[in-house]
Amino acid sequence: MALVQWQAELSVGVEILDQDHRNLFSMLNELYDAVQSGIELAVLTSLLDRLAQYTQDHFQREEALMKACGYPDIAAHCDEHEQLAVKVSELQRRLAGSSLEFLSLELLVLFKTWLASHIRVSDFQYKPYLVAWTRSHSETAPKA
Ligand SMILES: [Fe+2]
């Protein structure tokens, strides 16, 4: 059974970012499955690297769109992104000397909690700006 499931109510109004969020949910479920079947170092290393890279890529896309639509609270939002990136780097650094099970659970809790609260609270704050901007730039902007 999946640990997390993306639902339409989590849509931020722009498909490219919703797809990013769905991909992050999938990676989290992949990690959850790997933990249940006994996680190995190579698997955890690979998943952590992919999550770190994908999170960075997603943040860049999201921040570019927030900037484009003139979202006024972008600095605080970017700070939240940076805080997650720092925590992920810290987990990557601790990978070699930690219990794999413990580290995996930390990673699961970190992302599950972060995704749920960040999307519902912080991402939803830029949603009206992004949706309005997308509508007014429907020729060039990503599809809503
Ligand atoms: Fe965000």
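Here are some notes on this predicted model, going from the overall fold down to single residues.

1. Overall architecture. The protein is built from helices: there are four of them and zero strands. Reading from the N terminus, the order of elements is simply α-α-α-α.

2. Of the 144 residues, 17% are buried. If you take the contacts with a separation of 6 or more, 74% of them join residues 24 or more positions apart.

3. Helix 2 against helix 3. A packed pair of helices is described by the angle between the axes and the distance between them. For helix 2 (residues 41–68) and helix 3 (residues 74–94), the angle is about 170° and the axes are 10 Å apart. That angle makes helix 2 roughly antiparallel to helix 3, because anything over 145 degrees counts as such.

4. Who makes that contact. Helix 2 brings Leu-48, Leu-51, Ala-52, Thr-55, Gln-56, Phe-59, Glu-63, Met-66 and Lys-67, while helix 3 answers with Ile-74, His-77, Cys-78, His-81, Leu-84, Ala-85, Val-88, Leu-91 and Gln-92. Sorted by class, the contact has eleven nonpolar, five polar and two charged residues. As for the spacing along each helix, keep in mind that an α-helix has 3.6 residues a turn, so residues three or four places apart point the same way.

5. The kink in helix 4. Have a look at Phe-124: helix 4 (residues 100–136) has a kink of about 45° there, shortly before the proline Pro-128.

6. The buried side of the story for helix 4. Its buried residues are Ser-104, Leu-107, Phe-111, Ile-119, Asp-123, Tyr-126, Leu-130, Trp-133 and Thr-134. Note that Asp-123 is on that list. The cover over these residues includes helix 1 (15–36), helix 2 and helix 3.

7. A closer look at Val-43. Val-43 sits in helix 2. Is Val-43 buried or partly exposed? It has 17 C-beta neighbours inside 10 Å, so Val-43 counts as partly exposed; a buried residue would need 20 or more. Val-43 and Leu-31 are twelve residues apart along the chain, and their C-alpha atoms are separated by 8.6 Å.

How values were computed. Residues numbered from 1 in each chain as written. Predicted model: local features only at pLDDT ≥ 70, side-chain atom pairs only at ≥ 80, totals over all residues. Axes fitted to C-alpha atoms, helices over the stretch in contact; angles between N-to-C directions. Helix = DSSP H or I, 4+ residues; strand = E, 2+ residues; numbered from the N terminus. Parallel < 35°, antiparallel > 145°, perpendicular 65-115°, else oblique. Contact = placed C-beta atoms within 7 Å. Nonpolar A, V, L, I, M, F, W, Y, C, P; charged D, E, K, R; others polar. Buried ≥ 20, exposed ≤ 12 C-beta atoms within 10 Å, placed from the backbone. Bend = angle between axes of the 7 residues up to and from the residue.
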